[in-house]
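Open the model in a viewer and keep the selection tool at hand. The stops below can be taken in order.

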Amino acid sequence: MQNYDVIIVGAGSMGMAAGYYLAKQGVRTLMIDAFDPPHTMGSHHGDTRIIRHAYGEGKQYVPLALRAQQLWSELEQASGMPIFAKTGVLNAGPLNCPFLNEIRESAEQYSLPLEVLSADEVTQRWPGINLPSDYYGCLEPTSGVLYPENGIRAYRELALASGATLLTNTPVTQLEPAGNGVIVHTESASYHGDKVLLSAGAWNGSLLDSLGLSIPLTPTRKTIAWFGADESKYSADGFPAFIFRLHDSMFYGFPSFDGSGVKIGRHDGGQAIDPDKLERTFGTYLSDEGDVRSFLEAYMPGAAGPLRQGKVCIYTMTPDEHFVIDRHPEHPQLVFAAGFSGHGFKFASAIGEATSQLLVEGASALDLSMFSWKRFSCPS
């Protein structure tokens with residue numbers, strides 16, 4: 001049986017980044033993925049992701065976001081691939097919206113650039129936005145858009161160049177703790193790792209269950225869509241990425257890159273699914289197009305043109321929508337990163353680095369305590 005210092009189970013966004021940071025240190029690293037990353041079977045496809053620094057989900061995320069931005073920049077330089085576009089990010093919502101309040105407090109605490117704009121100021125700057133008078137906006141001018149598939153592709157190439165091994169189209173069937181290590185079984189072979197990182201996205205829950213650790217992780221079917229738009233108003237040359245926190249829902253989207261149309265998704269909602277039985281046809285539910293078209297018609301009518309394309313992906317949700325990054329309580333040689341709840345990709349670079357530190361050094365440079373599994377109190 002081949003032995004590795006670290007085996008990574010799930011080489012998507014977090015796993016591929018961790019593989020690079022391990023391999024560049026000379027750690028003998030095996031990455032195993034059920035598909036061939038970057039791919040369309042998980043949570044990282046769809047061309048673009050938002051990265052923001054002043055964080056409405058909690059000020060605790062800001063150091064992680066800033067480190068992630070720095071590492072994405074380093075990856076761009078090391079790989080020569082385009083990874084980040086500084087479009088700015090507009091957050092909008094009603095007055096006294098807790099999400100926007102947290103953004104403002106985050107910006108103040110960490111001295112982050114932030115422009116607070118009235119509804120009139122928003123619509124004057126971006127005529128394509130129809131913002132109600134009792135709403136306002138917070139613009140992060142130094143934030144923007146990541147190209148996730150390029151990010152994963154870059155980490156893959158650099159990890160392999162640094163000596164990592166990657167097995168693609170190889171589902172893991174079992175994790176078997178053995179002494180101070182873990183045996184990773186696939187259909188065709190087994191491998192021994194002194195340590196293991198489990199970062200298998202929607203498949204984390206079943207693998208953790210088999211190891212006696214029950215964490216509330218809910219894979220959820222989500223959709224994104226691109227619509228024909230007035231390029232004079234919504235082009236990436238002048239229009240920001242955006243998040244709208246409405247009274248009863250939350251939408252996010254992207255300007256039109258190279259005439260591709262405005263991309264839009266709904267953050268809340270979706271259908272709980274078994275990831276092995278996911279209905280991947282866009283349009284299966286009326287809400288696939290209906291929800292996002294209704295938003296555009298109300299708030300960005302010039303972007304509610306013909307449907308260009310739609311795609312299906314997966315969120316893996318925790319009850320509080322915060323991540324889970326920790327060690328297995330009975331098998332500390334196994335670290336897991338799970339439950340990224342639809343807002344995790346932007347942090348993949350920093351989480352990859354942090355989990356590599358947990359595996360090699362026993363602790364991460366960033367404080368990950370808020371992501372402990374213990375907050376759910378669900379050991380078997």
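Where does Asp47 lie? Asp47 is in the loop between β2 and β3; helices (H or I, at least four residues) and strands (E, at least two) are DSSP runs, numbered from the N terminus. This is a predicted model, in which local features need pLDDT of at least 70 and side-chain atom pairs count only at pLDDT 80 or more, while totals for chains, interfaces and linings use all residues. Residues are numbered from 1 along each chain as its sequence is written, and side-chain values use heavy atoms, with hydrogens and water left out.

**Stop 1**

Asp47 counts as partly exposed because its relative accessibility is 35%; buried means under 20% relative accessible area, exposed over 50%, and partly exposed in between (1.4 Å probe, protein chains only). Now select Pro38, which is also found in the loop between β2 (29-32) and β3. Pro37 and Pro38 are joined by a cis peptide bond, with omega about -5°.

**Stop 2: another positive phi**

Select Asp258, in the loop between β15 (250-254) and β16 (262-266). Its phi is near 55°, a positive value in a residue other than glycine. With 86% relative accessibility, Asp258 counts as exposed.

**Stop 3: helix α1**

Select residues 13-23, which make up helix α1. Of the 11 residues in α1, 11 are buried, so the helix is largely enclosed by the rest of the structure. Among these buried residues are Ser13, Met14, Tyr20 and Leu22.

**Stop 4: the domains**

Colour domain 1 (2-44 + 149-217 + 320-376) and domain 2 (85-146 + 219-316) separately; these bounds come from an automatic or database domain assignment. The contact between them takes 15 residues from domain 1 and 11 residues from domain 2, where contact means heavy atoms within 4.5 Å. Taken over C-alpha atoms, the centres of domain 1 and domain 2 are separated by 30 Å.

UniProt has its own feature, "domain: FAD dependent oxidoreductase" (unreviewed entry), at residues 5-358. UniProt positions are given in the numbering used here, feature names are shortened, and annotations may be inferred rather than shown by experiment. The span 5-358 is 28% helix and 30% strand, and its end C-alpha atoms lie 13 Å apart.

**Stop 5: Arg52**

Go to Arg52, in the loop between β3 (49-51) and α2 (62-79). Is Arg52 buried or exposed? Arg52 is buried, since its relative accessible area is 4%. Its side chain and that of Glu57 are joined by a polar contact of 2.8 Å. A polar contact is a pair of N or O atoms within 3.5 Å; within protein, one must be able to donate a hydrogen and the other to accept it, and residues adjacent in sequence count only if both atoms are side-chain atoms. Not counting residues up to four places away in sequence, Arg52 touches several others, including Asn91, Glu140, His343 and Lys346.

**Stop 6: Thr170**

Thr170 is in the loop between β9 (165-167) and β10 (172-178). Its relative accessibility is 14%, so Thr170 counts as buried. The Thr170 side chain reaches the backbone oxygen of Thr168 at 2.7 Å. Leaving out residues up to four places away in sequence, Thr170 touches Ile32, Asp33, Ala34 and Thr186.

**Stop 7: aromatic rings**

The structure holds 25 aromatic pairs; rings of Phe, Tyr and Trp (its six-membered ring) pair if their centres lie within 6.5 Å, and planes under 30 degrees apart count as stacked, over 60 as edge-to-face and the rest as tilted. Select Phe295 and Tyr299, a stacked pair at 5.1 Å centre to centre with 25° between the planes. Phe295 and Tyr299 are four residues apart in helix α8 (residues 286-299), so about one helical turn separates them. Phe295 and Tyr299 are both buried. They belong to one aromatic cluster, together with Tyr135, Tyr234, Phe239, Phe242, Phe244 and Phe251.

Finish on Ile129, in the loop between α4 (119-125) and β7 (135-140). Ile129 counts as buried because its relative accessibility is 4%. Aside from neighbours within four places in sequence, its contacts include Phe239, Phe244 and Tyr299.
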